[in-house]
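The entries follow the order in which I looked things up.

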Amino acid sequence: MKNKLIILFLLLGISANIPANAAIFNKSNYEVKKVLKNHTKAMEEHNIEKVLSCYDKDYKSSDGFDVNDLKVMLEKIYNSYSNIKYKIKINHITAYDNWALVQMSDETKASVYSDAKKTKEKMGRLEGKSTYNVYLKKIGNDWKIIQDDILTEETSLKYGIANKIDMDLITPPFVKEGSEYDLSLKMNKPDNIVAVASISNEEIVYPPDDFSEKFRKMPETGDLERLVKANEKNLDEYAIASIGFTKFTLNEEERKARIEILGMAYIMKRINMYKIKELAENN
């Protein structure tokens, strides 16, 4: 009987603690979710100051960007894509004491016009998607974003006929610093259209470095491939493909060839570095 009473009191004690812990957990989740929803709303409203208020002053992204860099990047994005829209999803929240880890994903869309008249024929479409981790810390009564880590990222900007052609930039998700890796561009285009393309890789730094493009004609059958070398600074990289679509017509009477530009496309994919050395040093 005594043993049964002890077990009963232990069970009562455990069950009594569960609601308290659950309440703290739920409160933290609610507070974190509220901060991130305010962040999303500010992004949609293009309210840069409100966006930045969600970050700690010592914020640093995994790519080394700070709050000032973030401000400049947002200003450039909103100036270049005034109608950009965001669809942001909170996938999972893990909160413990004054710390929180949130796994998120988003989609971005915008229309870009190459002339002041904003004609539909010259409209470009920007589309992007990414997944990332956001780390928050409770400082006083406020939760602040202190770091984020992008897991996957892909962006495309397409004009004209490029919006109707299936294409994909194939990249490895991870590479080792200084190693060689393959990039390939797959495309399914009409036979009467000529495509020229360039594939390159560049380090993710701010401000971004200039890179030279070497265009080659896309093979009629098969993919355009290029072997590139990763940087030796352990910096994450972008793979970039630039594609132009043209059509040749011949005027037999005037014996002149006419080249018509039908569209352009830019595709960018993130490639993360294996942080083996960094993880070993931190353990």
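Predicted model: local features only at pLDDT ≥ 70, side-chain atom pairs only at ≥ 80, totals over all residues.

Entry 1. I began with the contacts of Ser28. Leaving aside neighbours within four places in sequence, I found Ser28 in contact with Ala95, Asp97 and Trp143. Ser28 has its place in helix 1.

Entry 2. Asp97, one of the contacts of Ser28, sent me to the hairpin of strand 1 and strand 2. The hairpin has 2 residues between the strands, and Asp97 takes a positive phi near 55 degrees there. Strand 1 covers residues 85–96 and strand 2 covers residues 99–113. The two pair in the antiparallel sense over 11 bridges. Within this pairing I located Ile93, which stands opposite Val102 in strand 2.

Entry 3. I followed strand 2 to its pairing with strand 3, residues 123–139. These two strands also run antiparallel, and 15 bridges join them. I looked up Trp99 and found that its bridge partner in strand 3 is Lys137.

Entry 4. I listed 4 helices and 12 strands. Of the 283 residues, 37% are buried. The accessible surface comes to about 18,100 Å², and 53% of that belongs to carbon and sulfur atoms. Among the contacts with a separation of 6 or more, I noted that 63% are between residues 24 or more positions apart.

Entry 5. Next I looked up the nonpolar cores. Nonpolar side chains tend to be buried together in soluble globular proteins. The largest nonpolar core here has 32 residues. Which residues have the most contacts inside it? They are Val32, Leu36, Tyr55, Val102, Val134, Leu136 and Ile145. At least two residues of this core come from each of helix 1 (2–44), helix 2 (48–52), helix 3 (67–80), strand 1, strand 2, strand 3 and strand 4 (142–160). Val102 had already come up as the residue opposite Ile93.

Entry 6. I then noted a second, separate core of 25 residues, which includes Leu169, Leu185, Ala197 and Ala230.

Entry 7. I turned to the salt bridges and counted 10. Side chains of opposite charge can pair when their charged atoms come close. Lys138 forms a salt bridge with Glu31, and their closest N and O atoms are 3.2 Å apart. Lys138 lies in strand 3 and Glu31 in helix 1, so this pair ties together parts that are 107 residues apart in sequence. Glu31 is buried, with a relative accessible area of 17%, whereas Lys138 counts as partly exposed at 21% relative accessibility.

Entry 8. A further salt bridge joins the side chains of Glu49 and Lys71, at 3.7 Å from N to O. Glu49 lies in helix 2 and Lys71 in helix 3, so the pair ties together parts that are 22 residues apart in sequence. Glu49 is exposed, with a relative accessible area of 51%, and Lys71 is partly exposed at 30%.

Entry 9. Glu232 and Lys229 form a salt bridge too, with closest N and O atoms 3.5 Å apart. Glu232 is exposed at a relative accessible area of 57%, and Lys229 is partly exposed at 49%. I also found a network of salt bridges that links Asp63, Glu153, Asp236 and Arg270.

Entry 10. I looked up Phe174, which is found in strand 6, residues 174–175. Not counting residues up to four places away in sequence, Phe174 touches Ile271, Asn272, Met273 and Tyr274. Phe174 and Tyr274 are 100 residues apart along the chain, yet their C-alpha atoms are separated by 6.2 Å. Phe174 is partly exposed, with a relative accessible area of 41%.

Entry 11. Ile261, Met264 and Tyr266 make a nonpolar surface patch of about 310 Å². Tyr266 lies in strand 12, residues 256–273. Tyr266 counts as partly exposed, at 37% relative accessibility.

Methods:
Residues numbered from 1 in each chain as written. Heavy atoms only, no water. Pairing = 2+ DSSP bridges. Buried < 20%, exposed > 50% of the residue type's maximum accessible area, 1.4 Å probe, protein only. Contact = heavy atoms within 4.5 Å. Areas by Shrake-Rupley, 256 points an atom, 1.4 Å probe, with all protein chains shown as cover. Patch = residues over 30% accessible without salt bridge, like charges linked within 9 Å, V, L, I, M, F, W, Y side chains within 5 Å. Salt bridge = Lys/Arg side-chain N within 4 Å of Asp/Glu carboxyl O. Core = buried A, V, L, I, M, F, W, Y, C linked by side-chain atoms within 4.5 Å.
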